[in-house]
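Try each task yourself before reading its solution.

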Amino acid sequence: MDSLSLEEVGHDPQVGDLIADIEHEDVGLVIDAKSTYQGQPFHCYRILNAFGIVNWFSPEYILGSCRLISAASSDPSEEV
């Protein structure tokens, strides 16, 4: 099992990526990525977990403590 963080592999999380916490193996789907809030720079990721709960996480946590399980497809022909 690959335990390199997203930061270590140089992957910038995208909507549709399936990720997991390296230490606890909690799995989540990136469903949103914000770069501003009320016009101010503010970066965070919205994650849907396996229990159907949605939470916002900092890029420090997502990049440093999570690994990529499956990257989102960027090819429109692969969309369902």
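**Exercise 1.** In this predicted model, is aspartate 21 buried or exposed? Work out where it sits and what it touches.

*Solution.* 
- Start with the area: aspartate 21 has a relative accessible area of 7%. Buried means under 20%, so aspartate 21 is buried.
- Now list its contacts, skipping residues up to four places away in sequence: you get Asp26, Tyr61, Ser65 and Cys66.
- Finally, check a distance: glycine 64 is 43 residues away from aspartate 21 in sequence, yet their C-alpha atoms are 9.4 Å apart.

**Exercise 2.** Find the aromatic pair and say whether it is stacked, edge-to-face or tilted.

*Solution.* 
- You need two quantities: a ring pair is described by the distance of the centres and the angle of the planes.
- The structure has one aromatic pair. Its partners are phenylalanine 57 and tyrosine 61, with ring centres 5.3 Å apart and planes at 35 degrees.
- Under 30 degrees would count as stacked and over 60 as edge-to-face, so at 35 degrees this pair is tilted.

**Exercise 3.** Which residues make up the largest nonpolar core, and what does isoleucine 62 touch?

*Solution.* 
- The core has seven residues: Leu6, Ile19, Val30, Tyr45, Ile47, Ile62 and Cys66.
- Take isoleucine 62 and ignore neighbours within four places in sequence; its contacts are Leu6, Pro13, Ile19, Tyr45, Ile47 and Phe57.
- For the whole chain, buried residues come to 21% of the 80.

**Exercise 4.** What lines the largest pocket, and which element gives the most?

*Solution.* 
- First get the order of elements: the chain runs α-β-β-β-β-α-β from the N terminus, with two helices and five strands.
- The largest pocket has a volume of about 240 Å³ and 16 lining residues. Nearest its centre are Asp26, Val27, Ile47, Asn49 and Phe57.
- Elements giving two or more residues to this lining are strand 1, strand 2 (27-37), strand 3 (40-49), strand 4 (54-57) and helix 2 (59-65).
- Strand 1 gives the most, with three residues.

Conventions:
Residues are numbered from 1 along each chain as its sequence is written. This is a predicted model: local features need pLDDT of at least 70, side-chain atom pairs count only at pLDDT 80 or more; totals for chains, interfaces and linings use all residues. Side-chain values use heavy atoms; hydrogens and water are left out. Rings of Phe, Tyr and Trp (its six-membered ring) pair if their centres lie within 6.5 Å; planes under 30 degrees apart count as stacked, over 60 as edge-to-face and the rest as tilted. Helices (H or I, at least four residues) and strands (E, at least two) are DSSP runs, numbered from the N terminus. Buried means under 20% relative accessible area, exposed over 50%, partly exposed in between (1.4 Å probe, protein chains only). Contact means heavy atoms within 4.5 Å. A nonpolar core is a set of buried Ala, Val, Leu, Ile, Met, Phe, Trp, Tyr and Cys residues joined through side-chain atoms within 4.5 Å. On a 1 Å grid over the protein atoms alone, a cavity is a set of points where a 1.4 Å probe fits but cannot get out, and a pocket is an open set with protein on both sides within 12 Å along at least five of seven lines; lining residues have an atom within 4 Å of a point. Grid points are joined across faces, edges and corners, and a volume is the space filled by probe spheres set on the points.
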